[in-house]
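Dear colleague,

I am passing on the structure below, and I would be grateful if you could look through it alongside the notes that come after it.

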Amino acid sequence: MNKTQKLKKIILSRYGSISEFSKIVDIPTTTLRSALDKDIGGMAVDRVIKICDILNIDVKTFKPIEDISSNMIHNQENLLFENFNKLNNLGKNEAIKRVEELTYISKYSSFVTRDCHSYLAPIAAHDDNLSEEELKLMNEVINKKLKQPK
């Protein structure tokens, strides 16, 4: 089995059809079908690399890359990429904004900065109708929160 046949077999086994995979990889179906019917060697290198990246296969051998941790991350990226490609331009712009917003919330981000404050952890409170004891308790809670390292 040559590389083109191997690639076609991988795509069909994972995605069921060439047209479904073409949406995910963002290559026109006719272009992808033509390359897989003739010879993948005639396709632009950047497209072959993109296909291999999405399929998590080695670009030289078309054999699976067997790194479990990167495979899990790769699958998550594929899912994100698949859903992203289903959106129109307006939806894609909105998705980019929302993902960026998530990076500012420490609960969701791997990269926490000193200036990062989560909106989920407010430190202000109103003292309307609080007893002296409740007011003292609230002030202690607020002061404790303010003294925590950011």
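Predicted model: local features only at pLDDT ≥ 70, side-chain atom pairs only at ≥ 80, totals over all residues.

With a salt bridge taken as a side-chain nitrogen of Lys or Arg within 4 Å of a carboxyl oxygen of Asp or Glu, the count comes to four.

One of these joins Lys8 to Asp37, whose closest N and O atoms are 3.2 Å apart. Because Lys8 belongs to helix α1 (residues 3-15) and Asp37 to helix α3 (residues 29-37), this pair ties together parts that are 29 residues apart in sequence.

Another salt bridge is formed by the side chains of Lys23 and Glu20, with an N to O distance of 4.0 Å. These two residues, Lys23 and Glu20, are three apart in helix α2 (residues 18-25), and so about one helical turn separates them. Lys23 counts as exposed, with 53% relative accessibility, while Glu20 is partly exposed at 33%.

In helix α6 (residues 89-103), Arg98 and Glu94 are four residues apart, which means that about one helical turn lies between them; they too form a salt bridge, in which the closest N and O atoms are 3.2 Å apart. Glu94 is partly exposed, its relative accessible area being 32%, and a network of salt bridges links Glu94 with Lys97 and Arg98.

Notes. Residues numbered from 1 in each chain as written. Heavy atoms only, no water. Buried < 20%, exposed > 50% of the residue type's maximum accessible area, 1.4 Å probe, protein only.
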